[in-house]
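Keep the sequence at hand.

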Amino acid sequence: MLLTPRPRTDRPRTPGAPGATPPDPTAPGATLPGTRSRRVRAALLASAVSVCLVAASAPSPATPLGIGDRLFPHLGNPGYDVKAYDLSFTYTGKNTEPLAAVTTIDAVTSQRLARFNLDYARGTVGSVEVNGSPAAFTSAGDDLVVTPAQPVPAGGWMRITVRHRSDPRVRGGQDGGWVQTKDGLAMANQADAGHLVFPCNDHPSDKAMFTIHVTAPDGYTAVANGLPAGTVRTPGATTWTYRSQHPMATELTQVSIGRSTVLHRAGPHGLPVRDVVPTKDRARLEPWLKKTPEQIAWMESKVGPYPFETYGLLMARARTGFELETQTLSLFERELFTQPAYPKWYVESIMVHELSHQWFGDSVTPRDWSDVWLNEGHATWYEALYAQEKGKKPMAARMKAAYRASDAWRAAGGPPAAPKGPKPGQKISLFRPNVYDGAALALYALRQEIGQPAFDRLERTWVALHRDGTASTADFERLASSISNRDLSGFFRAWLYGQRTPPMPGHPDWRSDAPKAHKGAR
């Protein structure tokens with residue numbers, strides 16, 4: 001993720017046609033277990049939480065769970081490992097109306113489950129089935145709590161089917177999820193907003209395969225992560241199916257619905273590159289889009305083969321405040337490419353920032369949200385390196401400026417690997433300068449400390465070793481120590497967890513300004 005708008009200085013820096021309405025699965029006459037009194041009780045319960053769930057006869061008390069993430073304690077759920085998601089959305093042609101949806105989850109249990117939780121909010125649930133049998137359900141905080149008809153044994157395979165409405169409207173102060181564009185919808189699920197769109201185990205440590213179906217009226221085009229797996233045309237509408245070939249975290253899910261054109265070109269080694277653009281902006285955006293194959297080749301020269309089956313840019317007519325590395329299809333604000341205030345070298349380096357995330361953050365995913373510096377620090381690193389090599393913007397000058405601001409960044413947002421939590425309901429506020437340039441600064445110090453040859457081997461080995469998996473800060477430290485044949489525990493403790501910025505190896509003259517006393521965390 002890269003935040004916008006950006007300060008306009010001499011060196012811009014990161015602040016881091018309607019169709020028929022689908023049937024309503026929650027409408028009267030739908031198959032819903034329970035009595036009228038249960039519906040009343042469910043409505044009363046739902047009024048107290050951020051999600052309206054039409055509840056069946058589930059036992060109580062139900063409580064929100066989590067897997068212990070320091071920054072998002074109620075994110076993710078114990079007791080199972082998701083292997084695959086099948087998501088189906090039906091769009092009416094109006095981006096203010098909920099989408100009829102069916103989410104099917106295939107998972108393996110790690111313990112006997114008489115009841116389990118899914119992360120889900122901002123939607124209405126009509127029914128839940130577990131292994132083909134109706135299940136009871138209720139809500140607890142941002143969780144959908146499910147009680148299957150029969151407990152699922154440890155090591156058992158379970159298929160969960162949830163029929164629900166996915167609401168694109170922002171409610172309850174929660175940001176993220178669906179993004180309303182000028183001509184439809186897109187997704188922005190980072191950091192913890194996947195469950196605002198579909199029921200899931202919404203933590204990056206539980207990656208899974210995805211199949212996504214989108215039905216939209218004539219005149220619209222739908223695109224999602226992965227490769228196309230077929231289309232079905234019916235009178236007045238089309239259903240597109242996309243399927244991933246690599247596991248993916250829920251926060252990286254992308255669905256674009258709009259009056260769009262899909263442009264195709266070949267990348268390195270025949271890699272399919274497809275871009276999704278507003279049809280009327282096709283010619284205007286092409287000069288930027290044609291740069292992607294060369295940028296992929298540049299990244300491959302630094303860290304090795306591109307890790308996925310396709311890549312491309314999704315140009316959204318929306319004001320999000322950021323760009324986002326959704327897997328195989330990065331989300332960009334169209335205005336980044338049409339606003340003349342941004343220099344050419346800068347826009348290209350931002351394209352590389354999101355591209356580099358395909359290696360750092362998407363293929364190698366953080367095990368915990370405190371490890372987000374591994375995503376953003378590396379993406380900022382390659383953004384700056386590209387700007388140096390292609391735009392003649394010296395990295396050392398950028399790092400020196402970052403060093404000067406680093407103590408203030410740490411005071412406001414915490415050290416790179418121990419960031420302070422986000423504001424309630426504003427999870428984007430997690431993405432402060434300390435995990436962007438502040439983390440890239442730590443990588444610069446590491447290169448200074450172990451030398452460029454060892455650093456380059458570390459980068460290539462890291463993405464190869466952990467491809468399609470998750471990894472932590474401790475994993476990075478161990479690998480760096482192994483490759484450099486040195487104990488780097490003290491170095492990483494100071495640079496990643498210290499309240500003050502350590503001296504920069506090779507630059508004893510660099511100084512960091514003292515934080516201003518009146519400034520605190522966002």
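Val 352 is buried, at a relative accessible area of 0%. Buried means under 20% relative accessible area, exposed over 50% and partly exposed in between, with a 1.4 Å probe and protein chains only. The model is predicted: local features need pLDDT of at least 70, side-chain atom pairs count only at pLDDT 80 or more, and totals for chains, interfaces and linings use all residues. Residues are numbered from 1 along each chain as its sequence is written, and side-chain values use heavy atoms, with hydrogens and water left out.

Val 352 sits in helix H5. Helices (H or I, at least four residues) and strands (E, at least two) are DSSP runs, numbered from the N terminus. Beyond the neighbours within four places in sequence, Val 352 is in contact with Gln 295, Trp 298, Met 299, Tyr 382, Glu 383 and Tyr 386. Contact means heavy atoms within 4.5 Å. Ala 387 is 35 residues from Val 352 in sequence, yet their C-alpha atoms are 9.3 Å apart.

Now take the helix pairs. Two packed helices are described by the angle between their axes and the distance between the axes. Helix H3 (residues 292-303) and helix H5 (residues 344-356) have axes that come within 10 Å and cross at roughly 60 degrees. H3 is therefore oblique to H5. Axes here are lines fitted to C-alpha atoms, for helices over the stretch in contact, and angles run from 0 to 180 degrees between N-to-C directions. Angles under 35 degrees count as roughly parallel, over 145 as roughly antiparallel, 65 to 115 as roughly perpendicular and the rest as oblique.

The crossing of H3 and H5 is right-handed. A crossing is right-handed if the near helix is turned clockwise from the far one by less than a right angle, and left-handed if anticlockwise. From H3, Thr 292, Gln 295, Ile 296, Trp 298 and Met 299 make the contact; from H5, Glu 348, Met 351, Val 352, Leu 355 and Ser 356 do. By class, the contact of H3 with H5 has six nonpolar, three polar and one charged residues. Ala, Val, Leu, Ile, Met, Phe, Trp, Tyr, Cys and Pro count as nonpolar, Asp, Glu, Lys and Arg as charged, and the others, Gly among them, as polar.

How do H10 and H11 lie to each other? The axes of helix H10 (residues 473-484) and helix H11 (residues 489-497) come within 10 Å and cross at roughly 140 degrees, so the two are oblique to each other. Their crossing is right-handed. Thr 473, Phe 476, Glu 477 and Ala 480 of H10 meet Ser 489, Phe 492, Leu 496 and Tyr 497 of H11. The contact of H10 with H11 divides into five nonpolar, two polar and one charged residues.

Thr 473 belongs to H10. With 4% relative accessibility, Thr 473 counts as buried. Leu 496 lies 23 residues away from Thr 473 in sequence and 9.1 Å away, C-alpha to C-alpha. Setting aside neighbours within four places in sequence, Thr 473 also has contacts with Asp 371, Trp 373, Leu 374 and Ala 417, among others.

Turn to the strands. Ser 166 is in strand E9 (residues 157-166). Ser 166 counts as buried, at 0% relative accessibility. The Ser 166 side chain makes a polar contact with the side chain of Trp 178 at 2.8 Å. A polar contact is a pair of N or O atoms within 3.5 Å; within protein, one must be able to donate a hydrogen and the other to accept it, and residues adjacent in sequence count only if both atoms are side-chain atoms. Not counting residues up to four places away in sequence, Ser 166 touches Trp 178, Phe 89 and Tyr 120, among others.

Loops come next. Asn 225 lies between strand E13 (221-224) and strand E14 (227-234). Asn 225 counts as buried, at 2% relative accessibility. What does the side chain of Asn 225 reach at 2.6 Å? It is the backbone nitrogen of Gln 254. The Asn 225 side chain also reaches the backbone oxygen of Gln 327, at 2.8 Å. Thr 328 is among the residues in contact with Asn 225.

Last, the backbone. Most residues other than glycine have a negative phi, and most peptide bonds are trans. Thr 328 has a positive phi, near 70 degrees, and counts as buried at 1% relative accessibility. Arg 122 also has a positive phi, of about 60 degrees. The peptide bond from Gln 190 to Ala 191 is cis, with omega near 5 degrees.
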